[in-house]
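Trainee: I have a protein model open on my screen, and I would like to learn how to read it. Could you take me through it step by step?

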Amino acid sequence: MSDFNSLGLAPELTALLDKAGFDTPTPIQAKSIPFAVEGHDILGLAQTGTGKTLAFGLPLINHLLGALGRPQPKSVKALVLAPTRELVNQIADNIQQLTDGTPLRIATVVGGQSINRQIQRLSKGTDILIATPGRLIDLMDRKAVNLSTVGFLVLDEADQMLDIGFVHALRQIEPKLGRPRQTMLFSATMPKQVGQLAATYLDNPKKVEVTPPGRTADKIEQSVEFMQVPEKQERLRDILSADPDALAIVFMRTKHGAERLKKGLVADGYAADSVHGNKSQGQRDRAIKGFRDGDIKVLVATDVAARGIDIPDVAYVINYDLPNVAEAYVHRIGRTARAGRSGVAISFCAPDSLGELRDIEKLIKRTFERPEGAEWVGSGPKKSNNSRGRRPGGGGRRSGSGGGAPGGAPGMQSKRRPRRGQSANRAAK
């Protein structure tokens, strides 16, 4: 199938796709849309960045445009559940792009925003509601929304919803939904809990899988740099200063760590902002908009952004802290090399993170090279310390591309730590 005209979509919708610049479906879209248009439940396994939003969004819009009629007060025709505010907003932006000029009403509800305004918006009825489970439960408790009219349901990034504790909310929501209904569940991985969720929500689904779990994008150049924790800050600044116009996402493990690092980068003259759970929705939205527009060059984030940012121009993903859950590594580095582009993913590994690194290697079926002269890095293929890195700033005990290590590690080249003013000047150029 080479274009959207062959997927069973209405001519009105394919015309909207042409106007929006969409001409060729991705594999997940080509495989799932015909089943969804026919009314089948869908169990889709695919990583982020593969086009899942249109894979479920187009069939929803197709059905709703074919059965127009104003929704009743407080009612919802189609419900999309996603784990984070950022992902909700991303889904809404993509769907809104294809419903402009149509009578369809799109609404979002997430935490961190005025619930009274959301109640007012829902009072008129909604064609497509995109929500986080927690805030939807709050609105259900206030009797602000009627889900018995839901004829189409989407669970996006189901594995992440379970990872962050929404299983009880999903169990509360399911009995309130309308029947019969069509349900589509999309997940990057298929752990046991996701299988149980699928058994509860789906009826004889068509299974569509386009990317094996743990598979990383081919166009991402991945490397691991081994260093002590105090060496991370200097190495990060080396990378950022060597390519100051590039967009980079730096992933941290904790909210406080992310905010502390962001403040340090701003003090050194970098155009940086942060996204994490302690920020209000407005602050998070402004940070992502500034990053998307290029006013912010460095976005420091926790895993709330690992699946909720779709910005094609991201050149670097830097794992300042390795994630506790190996699957999060795949999602983090998937923020780069989007829309056919290439990208770079650099991970810092300190002695206390070797266990996380081994879990990642097991998941993605790849063993990163270890440098000579540093026994704590554990087992793995060795790389000569005479090779030079090709990536910004040299430095670091690299796996995959060599280079010298800051801090004077045995057998490695050392570099003097730049003064704060020096870093600020480099970044300002």
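Mentor: Here we go through the model one feature at a time. Bear in mind from the start that this is a predicted model.

Trainee: How many helices and strands are there in the protein chain?

Mentor: The protein chain has 15 helices and 16 strands. It holds 429 residues, and 57% of them count as buried. Contacts tell you about the fold as well: of those with a separation of 6 or more, 72% join residues 24 or more positions apart.

Trainee: What pLDDT does the protein chain average?

Mentor: Let me begin with the general idea. Where pLDDT is low, the predicted coordinates should not be read in detail. In this case the average is 85, and 84% of the residues score at least 70. Among the elements, strand E4 (residues 126–131) has the highest mean pLDDT, 98, while helix H15 (residues 420–428) has the lowest, 36. Two stretches call for care. Residues 384–391 have a pLDDT below 50, with 18 contacts in the model beyond near neighbours in sequence. Residues 401–429 are also below 50, and that stretch has 70 such contacts.

Trainee: Let's look at a helix. Which residues of H6 are buried?

Mentor: An α-helix has 3.6 residues a turn, so residues three or four places apart point the same way. In H6, the buried residues are Pro133, Arg135, Leu136, Ile137, Leu139 and Met140. Their cover includes strands E2 (76–81) and E3 (106–109), along with H5, E4, H7 and helix H8 (167–173). After H6 comes Lys143, with a positive phi near 55°.

Trainee: And how many residues of helix H10 are buried?

Mentor: Nine of the 11 residues of helix H10 (residues 232–242) are buried, so H10 is largely enclosed by the rest of the structure.

Trainee: Can we zoom in on one residue? What does the side chain of Gln118 contact?

Mentor: Gln118 sits in helix H5 (residues 115–122). With a relative accessibility of 1%, Gln118 counts as buried, because the cut-off for that word is under 20%. The side chain of Gln118 makes a polar contact of 2.9 Å with the side chain of Arg135. A polar atom of the Gln118 side chain also lies 3.0 Å from the backbone oxygen of Val110. Leaving aside residues up to four places away in sequence, Gln118 touches Val109, Val110, Gln113, Arg135 and Leu139.

Trainee: Where does Val145 lie?

Mentor: Val145 belongs to the loop between H6 and strand E5 (152–155). Val145 is buried, at a relative accessible area of 10%. Although Val145 and Ser75 are 70 residues apart along the chain, their C-alpha atoms are separated by 6.1 Å. Beyond residues up to four places away, Val145 touches several others, including Lys74, Leu129, Leu136 and Met140.

Trainee: What should I look for in the backbone angles?

Mentor: Most residues other than glycine have a negative phi, and most peptide bonds are trans. Now look at Glu157, in the loop between E5 and H7, where phi is positive, near 50°. Lys365, in the loop between helix H14 (354–364) and strand E14 (370–371), has a positive phi near 55°.

Trainee: Last topic: how much space lies in the second largest pocket?

Mentor: Rolling a probe the size of a water molecule over the atoms shows where empty space is left. For the second largest pocket, that space is about 530 Å³. Its lining has 25 residues, and the closest to the centre are Thr84, Gln160, Ile164, Asp303 and Val304. By type, the lining divides into seven nonpolar, eight polar and 10 charged residues. Helices H6 (133–141), H7 (158–163) and H13 (326–333) each supply at least two lining residues, and H13 gives the most, four.

Key. Residues are numbered from 1 along each chain as its sequence is written. This is a predicted model: local features need pLDDT of at least 70, side-chain atom pairs count only at pLDDT 80 or more; totals for chains, interfaces and linings use all residues. Side-chain values use heavy atoms; hydrogens and water are left out. On a 1 Å grid over the protein atoms alone, a cavity is a set of points where a 1.4 Å probe fits but cannot get out, and a pocket is an open set with protein on both sides within 12 Å along at least five of seven lines; lining residues have an atom within 4 Å of a point. Grid points are joined across faces, edges and corners, and a volume is the space filled by probe spheres set on the points. Ala, Val, Leu, Ile, Met, Phe, Trp, Tyr, Cys and Pro count as nonpolar, Asp, Glu, Lys and Arg as charged, and the others, Gly among them, as polar. Buried means under 20% relative accessible area, exposed over 50%, partly exposed in between (1.4 Å probe, protein chains only). A polar contact is a pair of N or O atoms within 3.5 Å; within protein, one must be able to donate a hydrogen and the other to accept it, and residues adjacent in sequence count only if both atoms are side-chain atoms. Contact means heavy atoms within 4.5 Å. pLDDT is the predictor's confidence in each residue, from 0 to 100.
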